[in-house]
Amino acid sequence: MAEPTQKTANRVFVNPSTNREAPKRVTRATVAGNRSNRPTCGSPIVSLKTKNVVAFLCLFDGLRTPSIRRLVRKPRTICGKPLLTFDPSFYAPSSTQALSDLYRNSLNCPSEIVVDPSVQTVLELLRKHASSIPPHRVVLHYFGHGCYPPSDGNIYFFSDDRQRYKPLKIATLMNSCACPVTVVMDCANAAAASKLLGTKRDTFAFFACGAGESLPLSTSTPLDLFSCCLFDPFTAAMWYKGQKHCDMFSTCNCEDDGSTFQTNQKQNTQRNIYNNNYNTCKINHKNIYSNIHGNYNTNNQDCNYNNNYDNLHKGVNQNNIYKTGFYHKDLNNKMYNTINSNNANNNEEDCYQMNNCLINNENLEESVNVQNPESFINREKVKTLDRYNEMLKNTGGSNEYKFDDNYALPKIANKKFLKGFLMAVLESICFETQDKATFDLFTKDSATATMFKGFALSQRVMMSYNLHPSSIPDLRPMMTSVLWNFWDIALDASITMSKDGSKKVIFDMFIKTFTSYPSNGILPLFAFFIIVPEFHEECASRLFAYIDENDEAAALEASRTNIAKAILSYPNPSAASLAIVSKIIATSNESPFILNTPTFFVLCDDPSVVSIGMAVVTLAASIEYQQQFKRLAELCIEHAIACAPFSMLLFGILMDKSSKTAYFEDFTYRITPLLEDSRPDVRASTIYALNFSKNPDAVQYIINLTDDKSPMVRIQCMYSLLVVYKLVKQPIVFDRLNAFEKDDDPSVVEHFKALKPTFPRAKLGHNESQIIAANPIIRNLFTSIKNSRFESRFDSNLFGNIPIPQPVKIATTLESRVPRIGTLQLDKPTE
């Protein structure tokens with residue numbers, strides 16, 4: 001045997017007996033397929049549910065060299081919650097729990113909090129929480145109040161022994177996160193990190209201030225104001241309101257950083273503090289009085305001043321609104337007099353009204369005639385302190401006074417109402433100022449949507465300190481929206497009026513404004529008012545009239561809000577409110593139903609409410625069927641006559657989507673009386689429901705209506721006979737079907753031509769599901785609800801003046817959809 005040559009010796013053979021060389025592996029160039037365009041880096045592409053919050057509290061500021069040129073402020077609060085210690089080795093559990101509760105209440109997700117973490121600790125937490133499978137969004141909340149501000153692509157943490165600051169590259173931090181993140185940068189120079197954070201896809205970021213800006217230096221402003229706006233907007237909004245209207249008569253219930261603490265102090269201590277504040281305020285006011293009216297050293301003038309001040313102070317202390325820093329100079333005396341006269345008989349919950357708050361010059365002059373001014377002052381001081389101590393007992397329930405957790409604000413009776421109203425106002429501001437793509441992007445995830453609304457408030461609050469919060473993706477300015485004035489007026493009304501009176505004033509103002517100047521920008525406010533029981537009816541009727549008049553445009557805008565979900569969650573919905581939901585579903589082609597969404601309309605005794613509720617479920621089931629809809633089939637049969645035609649339409653769609661398992665008993669004789677109804681929509685929907693009957697007698701009922709005067713009824717007969725033919729298999733069925741070829745109505749003839757190719761397979765019992773799916777009655781329902789004047793059609797003919805939809809081509813055989821391989825003609829290869 002010959003020796004192999006060098007060339008053959010180096011070959012690798014798969015089979016030595018065949019002497020065949022193994023094929024070489026060739027790397028092929030990647031072929032770009034027909035893929036959708038991917039967004040550029042930094043733009044979010046999907047919205048995932050936020051799973052966790054990781055908070056880095058970098059609070060210790062003792063490593064930087066103190067300097068007289070640098071004003072050092074210690075962080076005293078975290079989102080309005082007190083920091084009881086700064087030692088990372090012994091961090092207060094109560095502070096940790098308060099912050100965890102804040103995240104859970106605002107974002108509805110758990111959190112892990114570390115104080116003054118090292119870089120290694122940060123990376124370990126990121127690997128723990130930001131690498132979940134399947135991926136979930138994680139919020140990274142950075143408190144940089146005790147570190148160097150971000151610079152040169154770094155953010156600062158601590159070394160392991162906390163003896164020095166240690167930088168961490170922002171790129172390293174983002175690369176350590178395998179899942180999408182939302183970053184909150186609450187520190188000075190926060191926006192300096194925006195360029196690097198924006199390079200990662202599907203990232204949201206909120207920055208407390210712009211590049212080169214510092215956090216507020218005023219000791220009356222908390223350092224964590226930006227975080228408080230994002231995660232506790234109501235507290236921040238109330239604090240900001242108090243700061244705007246603070247006057248010399250305000251008693252300070254907060255520490256030097258403007259926060260309120262939950263403390264228990266003895267009542268005697270509070271008396272001394274209040275007494276000192278009283279005297280100090282009196283001296284300050286006397287100096288102002290002297291500067292205005294001149295320095296008078298006579299006893300008469302001093303007596304005049306004392307009486308004037310004490311009478312004014314008496315009026316101030318009778319109204320707790322002034323004690324908290326709300327001095328409404330701009331409101332008219334007439335308005336206050338009206339409020340006082342309307343609320344003269346109110347009880348304890350009206351204790352914040354303006355009784356005798358406006359003291360005119362005549363009252364002040366009458367007080368000058370007191371014979372013993374000093375005793376008068378003492379008596380008034382005793383009365384004031386007694387009223388104050390009584391208020392302490394009422395608020396605290398004991399001899400210990402507990403500060404309210406709303407930044408030294410009065411206890412507002414309708415606090416829950418105001419909280420919901422504020423969130424609705426913030427959503428309306430975002431909805432009005434941002435474009436559709438941006439708003440939808442920020443609101444897909446509920447946690448991101450909450451921070452989105454809080455960011456709108458932060459822009460307004462931080463602007464008063466000449467700071468400019470920013471975000472990724474970039475948001476338009478929202479601090480100049482006119483809806484801020486609406487919030488301010490609503491808050492004033494809530495403080496100065498009774499609970500029910502203020503709510504009525506706020507709603508009336510909203511409805512009158514919308515009626516005079518209708519705008520899609522305030523649609524999110526309807527989602528709030530429509531679930532308030534006393535306003536539900538009027539709110540629903542006004543909104544339905546607006547949507548019905550504007551055809552699809554207003555309904556499409558309403559579909560971007562939570563109006564539909566709010567109505568479905570309301571325990572006692574009206575017919576108008578459910579009609580709004582039906583229009584939103586029909587226009588947007590999206591179902592607001594999720595797992596276990598309640599259907600409260602089934603408990604109502606009003607047939608109109610049940611009927612329109614059935615229409616809502618019919619539309620939703622045709623878009624996205626859910627198993628919970630199955631239990632409504634029995635309701636359709638029980639209310640077949642009272643709620644027709646909607647009961648029959650819903651029953652038909654439930655039987656279709658559930659493969660005829662929604663209802664097993666024979667329902668034929670329970671619904672056949674509807675075939676004699678005078679309304680053509682009722683007869684047509686009943687024939688549609690008979691598609692799913694297993695009773696052979698149903699065939700004859702349908703044949704009897706083949707000569708009906710309504711084209712929609714005749715078309716339904718055509719589709720139904722093809723489905724129920726298998727029950728009798730009699731030639732008369734197709735004899736009646738062939739008669740439709742010469743029908744007088746063109747739409748009937750068009751549907752006959754579309755159905756005729758299916759006749760051979762229908763005789764064999766095939767194509768049943770395709771024929772039912774091609775039935776135009778559900779598409780006609782969508783069109784009827786979308787179009788205007790739906791209310792008139794609801795009571796007369798659901799399909800009146802609505803053109804019958806064009807027929808859908810039905811695949812008759814498998815070959816018509818997927819050609820056989822044998823039928824393909826391949827060209828011969830060229831030689």
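1. Let's start with Asp-488. Its relative accessibility is 11%, so this residue counts as buried. Keep in mind as you read that we're looking at a predicted model.

2. Who does Asp-488 form a salt bridge with? The partner is Arg-460, and the closest N and O atoms sit 2.8 Å apart. Asp-488 belongs to helix H17 (residues 483-496) while Arg-460 belongs to helix H16 (residues 446-463), so this pair ties together parts that are 28 residues apart in sequence. Is Arg-460 buried or exposed? Arg-460 also comes in at 11% relative accessibility, so it counts as buried.

3. Next up is the pair Arg-679 and Asp-681, whose side chains meet in a salt bridge at 2.5 Å, N to O. For Asp-681 the relative accessibility is 0%, so that residue is buried. Arg-679 is at 18%, and because buried means under 20% relative accessible area, Arg-679 counts as buried too.

4. Then have a look at Asp-743 and Arg-714. They form a salt bridge as well, with 3.0 Å between the closest N and O atoms. This one links distant parts of the chain: Asp-743 is in the loop between helix H31 (731-739) and helix H32 (746-755), whereas Arg-714 is in helix H30 (residues 711-728), and the two are 29 residues apart. As for burial, Asp-743 has 17% relative accessibility and counts as buried. Arg-714 is buried too, with a relative accessible area of 10%.

5. For the overall tally, the count of salt bridges comes to 18, taking a side-chain nitrogen of Lys or Arg within 4 Å of a carboxyl oxygen of Asp or Glu.

6. Now for the nonpolar side of things. The largest nonpolar core has 216 residues, and the members that touch the most other members are Tyr-142, Met-185, Leu-197, Phe-421, Phe-529, Ile-563 and Ile-580. Which helix gives the largest share of this core? That would be H30, with 11 residues. H30 is also the helix that holds Arg-714.

7. Last, zoom in on Phe-421. Leaving out residues up to four places away in sequence, Phe-421 touches Phe-486, Trp-487, Ala-490, Ile-506, Leu-525, Phe-528 and Phe-529. One of these, Phe-529, is itself listed among the core residues that touch the most other members.

Notes. Residues numbered from 1 in each chain as written. Predicted model: local features only at pLDDT ≥ 70, side-chain atom pairs only at ≥ 80, totals over all residues. Heavy atoms only, no water. Helix = DSSP H or I, 4+ residues; strand = E, 2+ residues; numbered from the N terminus. Buried < 20%, exposed > 50% of the residue type's maximum accessible area, 1.4 Å probe, protein only. Core = buried A, V, L, I, M, F, W, Y, C linked by side-chain atoms within 4.5 Å. Contact = heavy atoms within 4.5 Å.
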